[in-house]
Amino acid sequence: MKSKEDYVSLEVAEALEKKGCNLSSEKCYIGGKFTDSEFAEEADDVVVSAPSLYDVQKWLRVQHNIHVNADYEVYKEKWFFSLCVLDSNRIFQFEDMSESIYDSYESALNAGELDVLDLIQDENVD
């Protein structure tokens, strides 16, 4: 069973919506609060889908040819993220690493996904 940390933050969820990403999820944010999507139809407040970190990672890789990776820095004992742009042959064109460090794999991946969403143009793609 997935926990809340397996899903994107509210900030990422809102950025995804602005980018035209329409990934379905069993979780969402209603009025900024993380909950089950089954309550979305009855909600009187703003509802934003909360896809899993993995689903967003795959969407960015498939739709935008950008791979977000979270990795561990042994010497600092913290997590960081890196971004790789892939060409049509799936060859890395460049890699950019975060300057910040994070307490968990999930928080590093979430930060990396937000970083990519800030870079790509708004679109209406699924």
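Colleague: What should I know about the numbering and the model before we start?

Modeller: It's a predicted model, so local features need pLDDT of at least 70 and side-chain atom pairs count only at pLDDT 80 or more, while totals for chains, interfaces and linings use all residues. Residues are numbered from 1 along each chain as its sequence is written, and side-chain values use heavy atoms, with hydrogens and water left out.

Colleague: OK, sheets. In what order do the strands of the three-stranded open sheet come?

Modeller: The order is β2-β1-β3, with antiparallel pairing. The edge strands are β2 and β3 (47-49), each pairing on one side only. Strands here are DSSP runs of E with at least two residues, helices are runs of H or I with at least four, and both are numbered from the N terminus. Two strands pair if DSSP finds at least two bridges between them.

Colleague: How are neighbouring strands turned against each other?

Modeller: By 35° on average, direction ignored. Axes are lines fitted to C-alpha atoms, for helices over the stretch in contact, and angles run from 0 to 180 degrees between N-to-C directions.

Colleague: And how many bridges join β1 to β3?

Modeller: Three, and the two strands run antiparallel. Y29 stands opposite V48 in β3. Helix α1 packs on this sheet, touching β1 and β3, and its direction makes about 90° with that of β3.

Colleague: Zoom in on K27. Buried or exposed?

Modeller: K27 is buried, with a relative accessible area of 18%. The cut-offs are under 20% for buried, over 50% for exposed and partly exposed in between, using a 1.4 Å probe and protein chains only. K27 lies in strand β1 (residues 27-30). Not counting residues up to four places away in sequence, K27 touches Y7, F34, T35, D36, S37, S49 and A50; contact means heavy atoms within 4.5 Å.

Colleague: T35 is in that list. Where is T35 found?

Modeller: In strand β2 (residues 33-36). T35 is partly exposed, at 22% relative accessible area. With residues up to four places away in sequence left out, T35 touches E26, K27, C28 and I30. The C-alpha atoms of T35 and A50 are separated by 9.0 Å, at 15 residues apart along the chain.

Colleague: Switching to rings: how many aromatic pairs?

Modeller: Five, where rings of Phe, Tyr and Trp (its six-membered ring) pair if their centres lie within 6.5 Å, and planes under 30 degrees apart are stacked, over 60 edge-to-face and the rest tilted. The rings of Y7 and F34 have centres 5.6 Å apart and planes at 50°, so that pair is tilted. Y7 lies in the segment before α1 and F34 in strand β2, so the pair ties together parts 27 residues apart in sequence. Y7 counts as buried at 5% relative accessibility, whereas F34 is partly exposed at 22%. Y7, Y29 and F34 form one aromatic cluster.

Colleague: What about the hairpin of β4 and β5?

Modeller: There are four residues between the two strands, and E77 in the turn has a positive phi of about 55°. Eight bridges join β4 to β5, which run antiparallel. N69 stands opposite S82 in β5.

Colleague: Now α3. How far does α3 reach?

Modeller: α3 (residues 105-119) has 15 residues and reaches 21 Å from its first C-alpha to its last, close to the 21 Å expected at 1.5 Å a residue. That expected span is 1.5 Å times one less than the number of residues. Cover for the buried residues of α3 includes α1 (10-18), α2 (53-64), β4 (66-73) and β5 (78-86).

Colleague: Last one: which residues touch the most other members of the largest nonpolar core?

Modeller: Of its 27 residues, those are V8, L16, W59, L60, V116, L117 and I120. α3 gives the most to this core, with six residues. Such a core is a set of buried Ala, Val, Leu, Ile, Met, Phe, Trp, Tyr and Cys residues joined through side-chain atoms within 4.5 Å. Neighbours within four places aside, V116 is in contact with L60, I66, V68 and L83.
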